[in-house]
Structures are given as C-alpha cells and as structure tokens.
Amino acid sequence: MSVQREELQRGLIAVLTERGVFLSWRLFLRETTGSNRTGLTGTDFIVYRNDQRIALVTDSTNYLDPEGRKEDLYCVEAVPAGQEGETAEPAEQSHTAGPRRHLADGRSAIVSVWAKPYWDIPVKRPTGGVTPAGEAFEYHINDMSVGDVNGDGEYEYIVKWDPSNSHDVSHTGYTGRCIIDCYTFTGEILWRLDMGPNIRAGAHYTQFMVFDYDGDGRAEMAVKSAPGTKMTRFTPDGSILSESFITLPEEDRVRGITHADDYVCSATDYRRHLCDLFRGWREHKEVQAGHWPQTLEECFGIARKYDYPLSEEDAEALVEYFITVYAPSRSANNHLERFEGFIYEGPEYLTMFSGDGKELETIP
C-alpha cells in the first residue's frame, strides 16, 4: 500500500543555546534502511559551519556545535551510511538573503542562527469591531495548522484568529467573525478567509483541516463555511490580489439565499422562532411520532388552557410563559430573554480551498 507523504525540504534550524549552537533537521523516509534499539538507521549527515565541514553525524538528526556562534551559518548534507566520500563544495553565495536558502548541489539550505529558542513570524492582526449589542471586541491568535501550500518544500502557517468575545455553544451572546490567515515562514500573508456572519466564533465551530488531499505537492484546506464566507488573496507586497465569496450551491441560489443573508438571532428573533414553533406544535414530527406531548401545557406542567392550532396571540402568551416563568424555574441560569448571538437555522457548507486560496468546491 502506497503512503502519501509530504515532499518537504530538509528543514534545518540552528538555535543559539548556553552550550553552543543546536542543530536539528528532517530525516526522509527514502533515506531509511531499517532500525535498531535507538531508532531508524540509514543515512549519515555531514555538518558544515561557514562552508567548513565540522562533523559527521551517524546516529541522529540533531547536533550540538559547542563552538558555534550567533554569526555562523550552517548546512547539512546526507551521505549513505558507511559510504562517506568527497562531497561537492557549495557554490559561493551571499548570506544576506534571509534565514534559509536552498543550494543546487543537494545540500540543505544554508541557515543562520536563531538568537532566541523560537522564530518570530510577523502577523497582521485583524481589526476589531462592535457587536449589535454594542460590545467592543478585538482579535487574538487561536489555533494553527501547517502545510506546504505552494510546493516549495517549506511549511506555511495557517492561523485562526478568534475575537475576544468568542463563545462556546453553552454561552449566549454575539461574537465577532472568525478569521483564518495563511503566512509564510517570513511573515508574508498569502490569503485571509473571513468566515462571515453565519459562522459563530468559538472553540467548536471552525475546525480547519490542512493536508495535501489530492497529492499534487500543495496542501489544501477544508473548512465549514456559510453564506458570507469570503476569501481575500494577496500579492507578495501585501496588496489585494482578489476578493471573492464562496460559490453558493445552485439549489440555495434558487431559494433566494445570498451572501447578504444574516442568520444570527437577536432576542426578538428567538421569540419569533419560538412563536412559530409553538403555532405549529401539532405538526412537529416529534409530536406526531408521540415523542413529545400533544400540548405545550403538558410540557410545562400546567393546566390545559389553549386550543390547537394556537392563534398568534396564544402562541405569544405561551412563549412569554416559557421564557419568564418556566425556564427560570428549571434553572436560575436560564435567561432566555437574552438569548442572542446563535445561528440555529440557515445553510452550512463544506468548502475546499487550494493552497493559494482559490476555492475548489463548495458542497452542502
């Protein structure tokens, strides 16, 4: 059985420590020949500092250079185990191009030393806003995934921004929009996905899956979307290359659904929703199946008072009872008069985006 793998570069990093410069890099599956009690066996590695060979590593993909300094430059070269021989000298190149460059002779990139034990990637924080309830919010980095979206052998970083008022399903209230960015290792933003008003922001609403699904060497992203979800793609200088909403399925366009639709409920919307539910109580499939009582009075444990189907006035009276009397009697935490910010109806989709941010397909 063939296993699909990412085609990544060596991924060499050099980090300054109190004991010298620590190096770490990737081992490719094609370089392995077996295993022993300490791990995989196969390829050995020659380590270079400032184009000078300093070590042969035969049992690891890590190396600590005790004489390393923050000004040094490093690369590694793979050689078959036990077959070390002459290796090509690297071509003369400028070392001012950035933290990593790839050589043409098969060695890894030449990398500079990180002065800190991590790498800072500059990001572009989205602008905050104000909810319909007048509450201000701002954005903070939340989840992240990685994938080689452009096929250069290096990971790009797919970052989710959550507003400060993001809520899980157990909490009422409006939220700001969820936003997903894609950045390169140096902080170039490739695209930004605004999930739109109809995807609530919270821990369990936006799970974005990043993987090279079609095996073309470039990772895609799959994510739940809705009317109003919009992708913005950028040029290398940060200007906007394109802006486009996802493609609404034909059946929804025929029904009149547009990207201007907003399914986020207000407290008034919620009352209206309950009123419609109560007026059609006898037609509800759970009532007809005998799973729910025939009357709302029986649900609430009160004497029978209304005729069914309910009139608008009677439905509104029962909604008022449900919100102000019955629900609080069940729990002091039930404040359904402030039930707002949820999306309990309206279409949801699954959209697949290519690594460059172009929409591949949207399905219900």
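## The largest cavity

E6, E7, L8, D148, D212, G217, R218 and A219 line the largest cavity. Here a cavity is a set of points, on a 1 Å grid over the protein atoms alone, where a 1.4 Å probe fits but cannot get out, and lining residues have an atom within 4 Å of a point. The model is a predicted one, in which local features need pLDDT of at least 70, side-chain atom pairs count only at pLDDT 80 or more, and totals for chains, interfaces and linings use all residues. Residues are numbered from 1 along each chain as its sequence is written, and side-chain values use heavy atoms, with hydrogens and water left out.

The volume of this cavity is about 60 Å³, taken as the space filled by probe spheres set on the points, which are joined across faces, edges and corners. Searching the whole structure gives two cavities of 30 Å³ or more.

## A four-stranded sheet

Strands β16, β17, β20 and β21 form an open sheet in the order β16-β17-β20-β21, with antiparallel pairing. The edges are held by β16 (209-211) and β21, each of which has a single partner strand, so one side of each is left without a neighbour in the sheet. On average, neighbouring strands of this sheet are turned by 15° against each other, direction ignored; the axes are lines fitted to C-alpha atoms.

Strands are DSSP runs (E, at least two residues), numbered from the N terminus, and two of them pair if DSSP finds at least two bridges between them. Between β16 and β17 (residues 220-225) there are three bridges, in the antiparallel sense. Within this pair, M209 stands opposite A222 in β17.

L64 belongs to strand β6 (residues 62-65). L64 is partly exposed, at a relative accessible area of 27%; buried means under 20%, exposed over 50%, and partly exposed in between (1.4 Å probe, protein chains only). Leaving out residues up to four places away in sequence, L64 touches T17, R19, G20, V21 and F22, where contact means heavy atoms within 4.5 Å. L64 and F22 are 42 residues apart in sequence, and their C-alpha atoms are 4.4 Å apart.

P364 lies in the segment after β21 (359-363) and is exposed, with a relative accessible area of 62%. With residues up to four places away in sequence again not counted, P364 touches P249, E251, E348 and Y349.

Key
On a 1 Å grid over the protein atoms alone, a cavity is a set of points where a 1.4 Å probe fits but cannot get out, and a pocket is an open set with protein on both sides within 12 Å along at least five of seven lines; lining residues have an atom within 4 Å of a point. Axes are lines fitted to C-alpha atoms, for helices over the stretch in contact, and angles run from 0 to 180 degrees between N-to-C directions.
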